[in-house]
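Subject: Handing over a structure

Hello,

Please have it open while you read.

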Amino acid sequence: MAVFQGKSVLALGGSRGIGAAIVRRFAAEGAAVTFTYAGSPEAAKQLAAETGATAALTDSSDRDAVIARVRESGPLDVLVVNAGIAVFGDALDQDPDAIDRLFRINVHAPYHASVEAARRMPEGGRIIVIGSVNGDRMPVAGMASYALSKSALQGLARGLARDLGPRGITVNIVQPGPIDTDANPADGPMKDLMHSFMAIKRHGRPEEVAGMVAWLAGPEAGFVTGAMHTIDGGFGA
Ligand code: NDP
């Protein structure tokens with residue numbers, strides 16, 4: 001189905017995991033897709049060859065590079081901000097520079113990219129940011145900075161939805177629970193603990209998250225904005 005034929009999509013952080021599934025989904029449905037990468041040039045190259053999408057080197061921790069990438073991508077019908085990192089461990093022992101970098105990638109980049117995209121986004125445009133169920137619920141120690149960053153995205157969606165609603169542009173957060181990626185493998189050491197919190201005791205698939213993103217970006221979701229959309233197997237229930 002070519003739901004996104006003629007649509008221009010930029011996905012920040014698309015080389016692997018959930019981002020790569022989002023790139024595949026939009027490309028399969030006819031969109032002209034650009035995605036960014038930072039540390040995985042080989043994966044990015046392969047995904048571009050597989051999907052016909054354009055890969056662009058852009059480090060999401062570099063605010064000006066992110067803004068420039070959005071600007072250079074031209075008027076966007078859909079912006080997806082997926083790039084995100086976690087820093088685990090005792091908050092009292094963590095390197096403040098590493099935490100600030102996390103905030104730049106997980107919070108500053110989504111904000112500045114969204115604002116820059118909004119400058120030229122047409123009516124019906126879509127801004128979708130990948131948050132986390134940890135924005136609502138943080139059942140383990142050692143992830144305060146990550147939880148903070150994902151909660152912050154909720155404010156971004158609520159506020160920016162008000163700014164852009166009059167132009168028919170929607171702003172939404174997709175909040176996954178455990179999803180099988182390099183960052184959180186389904187056979188990793190934390191799997192039993194994570195599954196113990198869940199109603200559906202398995203990791204989700206990146207394609208399941210991409211499906212929710214595609215729905216939010218599509219024509220049926222024009223009345224959905226300023227909202228969090230949790231896809232977590234009941235982790236936060
Ligand atoms: P992965 O670590 O598997 O992939 C992360 C992706 O983001 C890669 O494509 C990576 O590109 C890109 N990325 C990371 N840092 C940067 C950067 N500085 N600049 C540009 N791109 C960057 O993560 P997931 O797919 O698991 O996670 C994707 C999103 O989903 C994140 O926001 C994460 O917080 C969120 N999420 C994930 C969950 C999970 O269980 N997997 C659960 C809840 C939320 P590259 O390698 O090229 O740098």
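Below are a few words on conventions, then the sheet, then the helices.

This is a predicted model, in which local features need pLDDT of at least 70 and side-chain atom pairs count only at pLDDT 80 or more, while totals for chains, interfaces and linings use all residues. Residues are numbered from 1 along each chain as its sequence is written, and side-chain values use heavy atoms, leaving out hydrogens and water.

Let's begin with the sheet. Seven strands make an open sheet with parallel pairing, in the order S3-S2-S1-S4-S5-S6-S7. Strands here are DSSP runs of E with at least two residues, helices are runs of H or I with at least four, and both are numbered from the N terminus. Two strands pair if DSSP finds at least two bridges between them. At the edges are S3 (54-57) and S7 (227-231), each pairing on one side only. On average, neighbouring strands are turned by 20 degrees against each other, direction ignored. S1 (residues 8-12) and S4 (residues 78-81) run parallel and are joined by four bridges, with Leu10 opposite Leu79 in S4.

Helix H2 (residues 41-51) packs on this sheet, touching S2 (32-37) and S3, and its direction makes about 170 degrees with that of S2. Contact means heavy atoms within 4.5 Å. Axes are lines fitted to C-alpha atoms, for helices over the stretch in contact, and angles run from 0 to 180 degrees between N-to-C directions. Helix H4 lies across S1, S4 and S5 (126-130), at about 175 degrees to S4.

How do the helices pack on each other? The axes of H4 (residues 96-120) and H5 (residues 144-164) come within 10 Å and cross at roughly 15 degrees, which means H4 is roughly parallel to H5 (angles under 35 degrees count as such). Among the residues that meet are Leu102 and Phe103 in H4, and Leu153 and Leu156 in H5. By class, this contact of H4 with H5 has 15 nonpolar, four polar and one charged residue (Ala, Val, Leu, Ile, Met, Phe, Trp, Tyr, Cys and Pro are nonpolar; Asp, Glu, Lys and Arg charged; the others, Gly among them, polar).

H3 (residues 63-72) and H4 have axes that come within 9 Å and cross at roughly 25 degrees, so H3 is roughly parallel to H4. Their contact includes Arg63 and Arg71 of H3 and Glu116 of H4; its residues divide into six nonpolar, one polar and four charged.

Enjoy exploring!

Note on methods:
Angles under 35 degrees count as roughly parallel, over 145 as roughly antiparallel, 65 to 115 as roughly perpendicular and the rest as oblique.
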